[in-house]
Amino acid sequence: MGGKKVGAPENLIIGNKRLDDRTPEDFRPMEMSVGILKHAIGSATFNFGNTRALAGVFGPRAFHPKFLQDPQKAVLRLKYAMAPFSTLDRSRPGHSRRSMEISKVATDALASVVFVEDYPRTGIDVFVEILQADASTRCAGINAASLALADAGVPMRNLITSCSVGKIDGILVLDIGGLEDNFGEVDMAVSMIADQDKFVHLQMDGIVTKEEWGQLLTMAREGCGEIYKKMAAALRERYATTMEGV
Amino acid sequence: MEQTELVKKEKELVVPGDVIARGLEYLPGAGCYRYENEVRSKLLGLVRLKDRFLSVVPLAGVYIPKAGDGIIAVVEDLQSTFWILDINSPYDAILQLGEAVGEFVDITKTDISVYYDIGDVIYTKILNVSRSKSVQLTMNDYRAKKLVGGRIMKITPSKVPRLIGKEGSMIELIKNKTGCLIVVGQNGVVWLKGECEGFAAKAILMIEAEAHTEGLTDRVTAMLEKGVE
């Protein structure tokens with residue numbers, strides 16, 4: 001219905017190859033590192049290809065404003081923001097409806113696993129900054145935040161892993177990249193509790209059939225499983241002992 | 001029939017959510033929780049097993065006050081009958097006049113800053129922590145005193161046992177080799193005083209960075225001996 005959007009490529013997927021040569025089930029190259037900020041109690045970066053997110057955790061610490069304190073548990077606050085240089089056209093710094101929405105869903109996703117009852121009256125502040133945006137920024141941000149919380153010694157039931165799935169040119173794909181996000185038919189961001197079949201965050205743009213819906217969820221589950229292995233390895237790597245030269 | 005199985009070894013590094021043991025024989029201690037019939041880790045840290053209790057010692061994290069702990073605190077504010085102190089924690093602590101001074105004090109005539117003023121550093125004991133984490137301190141302990149001069153530094157609280165060492169061996173090593181006075185608080189605050197404060201601080205930071213490794217005592221000894229020359 002309607003014609004193609006202005007600037008849309010002729011095809012987003014030809015045969016089994018997407019624009020960046022990936023197959024429908026491939027992730028973009030993932031990179032992550034933990035404990036990279038000096039002043040944050042915990043920190044991490046997470047990249048999906050050209051999408052780069054940085055997260056810093058401050059807390060548990062005294063929470064202000066005082067009237068929002070909870071005498072029985074910690075209040076987790078995640079603030080998602082895009083750096084002005086993260087997009088091709090400068091994105092205005094500060095709040096936007098989109099950043100407030102993403103902040104809220106990401107906070108809810110992570111708060112579902114943090115043992116907030118262990119720290120009454122405190123606040124745990126997580127700052128997620130998108131340094132470079134090429135679609136799936138909220139997923140990269142949630143992954144970075146999850147690693148940063150673990151790095152900060154904040155007790156959690158498990159890690160949260162996040163990835164995107166969608167439909168481009170009628171084919172279901174994993175890890176939506178830049179142009180696929182702009183010109184694809186469906187874009188869905190999903191976050192799960194690592195090794196349990198539990199979704200803590202799900203947002204979708206587009207229309208799918210019931211069968212496609214089931215397939216997308218399966219693809220998301222497998223994708224999150226793959227991310228979890230890499231995240232656990234990155235956390236262990238942080239404290240890997242190298243005994244050479246000792 | 002449920003089988004009991006210890007999945008992780010003592011001192012193994014675990015991440016949040018890692019299964020440490022299966023079965024009901026092992027009990028979750030600090031840093032662990034029970035999920036169905038499994039004991040899982042809450043933290044990024046090292047596994048400890050004592051009798052049937054599994055715990056995870058975190059490699060990072062803030063200080064959570066515990067009654068009985070000896071800590072180093074800094075006076076932030078004072079009212080007519082109590083002081084408010086920073087204990088390197090998300091929670092502030094209160095020291096009541098009655099817990100700090102043995103003699104009778106007439107508060108209409110005395111400003112309690114004559115005892116401890118804003119900015120003073122004290123070694124004190126945690127008397128009591130309420131459920132909502134209101135902390136009461138006391139100076140009613142043989143170790144409690146004001147720490148005058150010197151400097152303070154902070155390390156991750158969970159690494160304090162490593163800094164102190166078995167029966168104080170590690171901290172005594174640093175004290176002897178550097179000739180500094182050193183007091184270590186359970187809250188991760190360390191007070192140093194002496195001519196080689198900077199050098200002692202370097203040794204302490206080294207221990208903090210490598211607390212999770214083996215052979216640390218030898219490496220610290222070597223570093224101190226090399227530096228003192």
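What follows is a set of questions and answers about this predicted model.

Biologist: How much area do chain A and chain B bury between them?
Modeller: The size of an interface is often given as the accessible area lost when the parts come together. Here 59% of that area lies on carbon and sulfur atoms. The total between chain A and chain B is about 2500 Å².

Biologist: Which three residues supply more of the area that chain A buries than any other three?
Modeller: Together they account for 25% of what chain A buries against chain B. They are Arg121(A), Arg236(A) and Tyr239(A).

Biologist: What is the N to O distance in the salt bridge of Asp118(A) and Lys42(B)?
Modeller: The rule finds two salt bridges across the interface of chain A and chain B, along with 10 residue pairs in polar contact. For a salt bridge, the nitrogen must be within 4 Å of the carboxyl oxygen. The side chains of Asp118(A) and Lys42(B) meet at 3.0 Å.

Biologist: Now for Ser146(A), in helix α2 of chain A. Is Ser146(A) buried or exposed?
Modeller: Beyond its neighbours within four places in sequence, Ser146(A) touches Leu110(A), Met156(A), Leu159(A), Ile160(A) and Met231(A). A residue is called buried when its relative accessible area is under 20%. Ser146(A) has a value of 0%, so this residue is buried.

Biologist: In chain B, why does Thr178(B) count as buried?
Modeller: Thr178(B) is found in helix α3 of chain B, which covers residues 169-178. Away from its sequence neighbours within four places, Thr178(B) is in contact with Cys196(B), Phe199(B), Ala200(B) and Leu224(B). Thr178(B) counts as buried because its relative accessibility is 7%.

Biologist: How far apart are the end C-alpha atoms of helix α4 of chain B?
Modeller: This helix has 13 residues, and at 1.5 Å a residue it should span 18 Å. The model agrees with that expectation, since the end C-alpha atoms are 18 Å apart.

Biologist: Which strands stand at the edges of the open sheet in chain B?
Modeller: Four strands make up this mixed sheet, in the order β2-β7-β8-β4. A strand at an edge has a single partner, so one side of it is left without a neighbour in the sheet. The edge strands of chain B are β2 and β4.

Biologist: And β7 with β8 of chain B: which residue is the bridge partner of Gly45(B)?
Modeller: These two strands run antiparallel and are joined by six bridges. In β8(B), the partner of Gly45(B) is Pro58(B).

Biologist: Which residue in the turn between β16(B) and β17(B) has a positive phi?
Modeller: β16 and β17 of chain B pair in the antiparallel sense over four bridges, with Leu181(B) opposite Lys193(B). The hairpin has four residues between its strands. The phi is about 85°, and the residue is Gly188(B).

Biologist: Last one: how many residues lie between β10(A) and β11(A)?
Modeller: The two strands are antiparallel and share seven bridges, and Met188(A) has Met204(A) as its bridge partner. They form a hairpin, and the number of residues between them is four.

Methods: Residues numbered from 1 in each chain as written. Chains lettered and ligands numbered in written order. Predicted model: local features only at pLDDT ≥ 70, side-chain atom pairs only at ≥ 80, totals over all residues. Heavy atoms only, no water. Buried < 20%, exposed > 50% of the residue type's maximum accessible area, 1.4 Å probe, protein only. Contact = heavy atoms within 4.5 Å. Pairing = 2+ DSSP bridges. Expected span 1.5 Å × (residues − 1). Buried area = accessible area lost by both parts, 1.4 Å probe. Polar contact = N/O pair within 3.5 Å; in protein donor to acceptor, adjacent residues only side chain to side chain.
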